[in-house]
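Reader: I'm new to this one. Could you walk me through how to read its ligand site and its pockets?

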Amino acid sequence: MKVMLFPGTFDPFTRGHRDIARRASKLCDELVVAVMENSAKTPLFTIEEREDLIRKSLTGEELDHIKVMKWDGLLVDLYSDLGCCAVVRGIRSESDFRYEAELALANRLLYPGYDAVLLPCRDDMSLISSTIVKEVGFYGGDISKMVPAEILEEVKDKFKKGRKQ
Ligand code: PNS
């Protein structure tokens, strides 16, 4: 069985992430979306909230072959535990490509069996990022084209609560 891993901070999950998950799930038997920590980032949503938002963004049928989990550790450890054939990451730009190439090289040093598949994003999603969602959302702007409709209200509520504090 071919298992692919789609890791990320997903703070929060965007329409761009969902598109990558859907396309990647067609390239393997099972796709595991792993919500992780990035030591360079301080997430707004807890890891449990992020995991929950991803599940809510996917249909029941999609969840039959897309598993969602959280992982607090090295990516390569999860990769080897699950017996993955590749990690999938979406790329929007040349700078994303550079970052992903470096990440793949570092992970390959840690685990020689590591491989990565880089999926170019859809042209209408090239400007969507979790960072932009947080910036626009924090000021009460319209994020409806950036996050899945199923989680829009929950994401907006988080910004509303954040502004009240
Ligand atoms: O969505 P992001 O923030 O670009 O995802 C980055 C992530 C979480 C995949 C990366 O930071 C990661 O793999 N973190 C876990 C720790 C690890 O294994 N780091 C890579 C060692 S080079």
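Reader: What classes do the residues of the shell around the ligand divide into?

Author: Five are nonpolar, five polar and three charged. Here Ala, Val, Leu, Ile, Met, Phe, Trp, Tyr, Cys and Pro count as nonpolar, Asp, Glu, Lys and Arg as charged, and the others, Gly among them, as polar. Keep in mind that this is a predicted model, where local features need pLDDT of at least 70, side-chain atom pairs count only at pLDDT 80 or more, and totals for chains, interfaces and linings use all residues. Residues are numbered from 1 along each chain as its sequence is written, and side-chain values use heavy atoms, with hydrogens and water left out.

Reader: Which residues around the ligand come nearest?

Author: A residue is near a molecule if one of its heavy atoms lies within 4 Å of it. Of the 13 residues around the ligand, Thr-9, Asn-38, Lys-41, Leu-75 and Arg-89 come nearest. Helix α4 (residues 94-110) gives the largest share of that shell, three residues; helices here are DSSP runs of H or I with at least four residues, strands are runs of E with at least two, and both are numbered from the N terminus.

Reader: Where are the polar atoms that pair up with the ligand?

Author: Look for N or O atoms in pairs within 3.5 Å. In the side chain of Thr-9, an N or O atom is 2.4 Å from an oxygen atom of the ligand. Lys-41 also has a polar side-chain atom 2.6 Å from a ligand oxygen. With Glu-37 it is a backbone N or O atom, 3.2 Å from a nitrogen atom of the ligand. On its own the ligand has 550 Å² of accessible area (Shrake-Rupley method, 1.4 Å probe), and the protein covers 80% of that.

Reader: How do I read a pocket?

Author: Rolling a probe the size of a water molecule over the atoms shows where empty space is left. A pocket is an open set of points on a 1 Å grid over the protein atoms alone, where a 1.4 Å probe fits, with protein on both sides within 12 Å along at least five of seven lines; lining residues have an atom within 4 Å of a point. The ligand sits in the largest pocket, meaning more than half of its atoms lie within 2 Å of the grid points.

Reader: What lines the largest pocket?

Author: There are 38 lining residues, with Gly-8, Thr-9, Lys-41, Arg-89 and Tyr-99 nearest the centre. Helix α4 supplies the largest share, eight residues.

Technical notes:
Polar contact = N/O pair within 3.5 Å; in protein donor to acceptor, adjacent residues only side chain to side chain.
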